[in-house]
Amino acid sequence: MLIAITKPHQQFPVSLTVADYEFSTSDDGDERGRVTLPPTFARSGVMTQIGDELIVYCTQLSKTIWRGQIERIEEARDGSITWHALGFGALQRDARISVVRNMTDMKRWKPIGEGIIASSGYDSRGDLWEYESVESSGNLVVQIRTKKEFTISNTTLFFLVYLFDQPQRYIPVENEDHIFVSQISYTGLADGVWVAPVNALVQTSTHQLILGVFTDLSTDGNLTSPGCFGWTIGVRASGVETVAGTTSVSFRAEINNLQFGTIDEEKLTIALNERGGCCTIHLPPAINASITKPDANLRDIIENADGTAVRYPRKRFLRDRPRPTIDFRTDSTLVWRFPETTRVIDISKAPNRIYGQYPGYWADYLTAMTTIRSLETRRQLAKRFASVGEYDTKAIADTRRDEAAVALDRQIAPLTVELDNSRYELMLRSGETVPNWAADVSDYAIVPGYYRNAKITARVVTRERTTYTVSFNPDDFVTALR
C-alpha cells in the first residue's frame with residue numbers, strides 16, 4: 001500500500017488507496033507529483049500546507065518511492081483536495097552555481113583601467129602598455145610590452161583580470177581556489193609577473209577591485225586563495241624605458257587546474273543547496289571536471305568530469321535519508337524482470353547525426369559531425385541532428401561526441417513498458433512478484449525478447465499503472481538529448 005506523509009504539519013499518514021495520483025521520476029530524480037483526495041477523504045489532508053515536504057512511502061517495501069515538496073494546493077468546489085509537488089530531482093536540477101574549473105582560455109582576460117586598483121598600491125596604465133595573445137609551444141599566451149618611453153614604477157604597470165561570471169553564485173567546490181601561471185618569459189626591465197586574487201565582490205556601482213596579497217613570480221608557480229572571485233596578473237618591472245617595446249612579459253594562466261585539486265563532495269553539496277538544491281551528493285574519490293559556466297547544475301558538472309570514474313546515468317537515488325541523496329559512487333546492482341506486456345519502441349529522441357559544442361578564440365564552435373549509421377538508414381523522410389552538449393574544450397567535446405556516437409550506434413531503440421497496478425507484474429530476477437513501483441530509475445531490467453539488460457531511465461506511477469522507460473545502453477546519452 002502507498003501512503004503519503006507530509007512534513008511538518010500533517011500528524012499522520014494519508015492512505016492513497018482511494019486517491020488519484022501520479023508520480024514521475026527521470027534520470028535527474030523525482031520530477032512531479034500529484035495527489036487528489038476525494039471529498040469523503042479530503043479531511044485527512046486538510047492540515048497539509050504549501051511548502052510541506054511530500055513523502056510517498058510503500059508499506060510492503062518499507063521504503064520511500066517518491067519525495068518532493070508541495071508547491072500548490074487546490075480545493076475544489078466538490079470538497080476534493082489536490083496537492084501538486086515538485087520532486088527532489090526537479091528542485092536539484094534548478095540549483096545552479098557559477099563554476100570555474102580548469103579555465104585556460106586566455107582570451108577571457110580583460111585589461112584593467114587606470115585607477116581601478118589604485119588602493120592596492122599598484123596601478124594599471126593601458127596608455128603606456130599594449131598586449132596581445134600569441135601562440136607559444138602550442139598554447140595561447142598573453143604578451144604585454146611597452147608602447148612608449150616612460151619611467152616604470154608600481155603605479156605605471158599594466159594588469160589583466162579574469163572575474164568569475166555571476167560571482168554571487170560562485171562558491172568554491174574544493175578547499176581553495178588556485179591559479180597556475182606558466183610559460184613566463186620577460187625582457188628588458190621586467191623580471192616576472194605580479195599575481196593577486198580578487199577578494200571581494202565587484203559591485204555594479206563601482207569600478208574598484210578589492211585585491212588580496214600580490215605575489216611575484218619569475219618562474220612557473222601555483223598560488224592559492226581560501227576563496228576568491230577572480231585573479232589579476234600584471235607586469236613586474238621598474239626603471240626607465242628608453243626604447244618602446246624593449247620591456248615585455250609573456251605568461252599563461254590556468255585557474256583551478258585539475259592537477260592541483262579535486263571536487264569536494266561536501267562543498268559541492270553545500271554550494272548547490274545554497275542555490276536552491278535539496279540533496280546530498282556523493283562522488284567517487286579524486287573527481288575533477290573541466291567546466292567554466294556561470295549557471296551550472298549537477299548534470300553539467302558530472303557530464304564534464306574527467307576520466308570514466310563517474311557518469312551521470314550511473315548512480316543511485318537514496319530517499320530514506322535526512323535529505324534525498326544522489327550517490328555517484330556505485331552503479332545500481334538491482335536487476336528486475338518485466339513480464340510480457342505492452343511495449344512501445346521509440347527513436348524520437350535519437351538523432352541521426354551528432355556534434356559537440358565548445359568555445360573558440362573568435363566564436364563558439366561545433367565539432368565535426370558524426371553519423372549514427374544504424375539510425376541513418378532507418379529514417380526515410382528527414383535526418384535529425386543534435387548536440388551532445390557544450391563543453392569547455394574541443395578535446396572534451398570530441399570525446400563526448402565519440403562516446404555518444406558509439407552508444408547510439410549500438411543502441412536498441414528505447415522502449416516503454418506498462419504494468420497493470422491491479423496486480424503485481426514486476427518481478428525480482430528470481431521471478432518472485434513485487435509491487436510494480438519497486439524498481440527505480442538507474443536500476444536494470446530484463447525485458448522479454450532482448451538479449452541484454454536494459455537501463456531504467458524513467459518511471460511514472462499512477463493509480464492504474466506503472467510505466468517504465470528503458471534503454472539498452474548503460475551510458476544513456478539519449479536521455480541527455482531531450
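Q: What share of the 482 residues of the protein counts as buried, and what makes a residue count?
A: This is a predicted model, and 52% of its 482 residues count as buried. The label goes to a residue with under 20% relative accessible area.

Q: How many helices and strands does the protein have, and what box do its C-alpha atoms fill?
A: There are 6 helices and 36 strands. Taken along the principal axes, the C-alpha atoms fill a box of roughly 90 × 55 × 40 Å. The protein exposes about 21,400 Å², and carbon and sulfur atoms supply 50% of that.

Q: What makes the set around Trp109, Ile179 and Phe251 a nonpolar core?
A: A nonpolar core needs buried residues of the listed kinds, joined through side-chain atoms within 4.5 Å. The largest such set here has 46 residues, and Trp109, Ile179 and Phe251 have the most contacts inside it. β11 (139-146), β12 (150-152), β13 (159-163), β14 (177-187), β15 (190-197), β18 (230-237) and β20 (248-255) each supply at least two of its residues. The largest share, 5 residues, comes from β15.

Q: Which residues is Ile179 in contact with, leaving aside its neighbours within four places in sequence?
A: Contact takes heavy atoms within 4.5 Å. On that test the partners of Ile179 include Trp109, Val195, Leu223, Trp231, Ile233 and Ile255, along with Gly221 and Asn222.

Q: Why is strand β35 (residues 454-462) said to be largely enclosed?
A: Buried means under 20% relative accessible area. In β35, 7 of the 9 residues are buried, so the strand is largely enclosed by the rest of the structure.

Q: How do you know that strand β3 (residues 20-26) and strand β34 (residues 444-446) pair with β35?
A: Pairing takes at least two bridges between two strands. β3 is joined to β35 by 4 bridges, and β34 is joined to β35 by 2 bridges, so both pairs pass that test. Each of the two runs antiparallel to β35. In β35, Arg459 is the bridge partner of Thr25, while Ala454 is that of Ala445.

Q: What joins β35 to strand β36 (residues 465-471), and how many residues lie between them?
A: The two strands run antiparallel and are joined by 6 bridges; one of the pairs in place is Val461 with Thr466. They form a hairpin with 2 residues between them.

Q: Why do β21 (280-282) and β23 (316-318) count as edges?
A: They belong to an open sheet of 3 strands in the order β21-β24-β23, with mixed pairing. Each stands at an edge with a single partner strand, so one side of each is left without a neighbour in the sheet. Between β23 and strand β24 (residues 325-327) there are 3 bridges, and these two run antiparallel. Leu318 has Thr325 as its bridge partner in β24.

Q: What covers the buried residues of helix α2 (residues 265-273)?
A: The buried residues are Leu268, Thr269, Ala271, Leu272 and Asn273. Their cover includes α1 (88-93), β8 (97-101), β21 and α3 (298-303).

Q: What makes the pair Asp264 and Glu266 a polar contact at the start of α2?
A: The cut-off for such a pair of N or O atoms is 3.5 Å. A side-chain oxygen of Asp264 reaches to within 2.9 Å of the backbone nitrogen of Glu266, so the pair falls inside that cut-off.

Key:
Residues are numbered from 1 along each chain as its sequence is written. This is a predicted model: local features need pLDDT of at least 70, side-chain atom pairs count only at pLDDT 80 or more; totals for chains, interfaces and linings use all residues. Side-chain values use heavy atoms; hydrogens and water are left out. Buried means under 20% relative accessible area, exposed over 50%, partly exposed in between (1.4 Å probe, protein chains only). A polar contact is a pair of N or O atoms within 3.5 Å; within protein, one must be able to donate a hydrogen and the other to accept it, and residues adjacent in sequence count only if both atoms are side-chain atoms. Accessible areas come from the Shrake-Rupley method with a 1.4 Å probe; for residues, only the protein chains shown count as cover.
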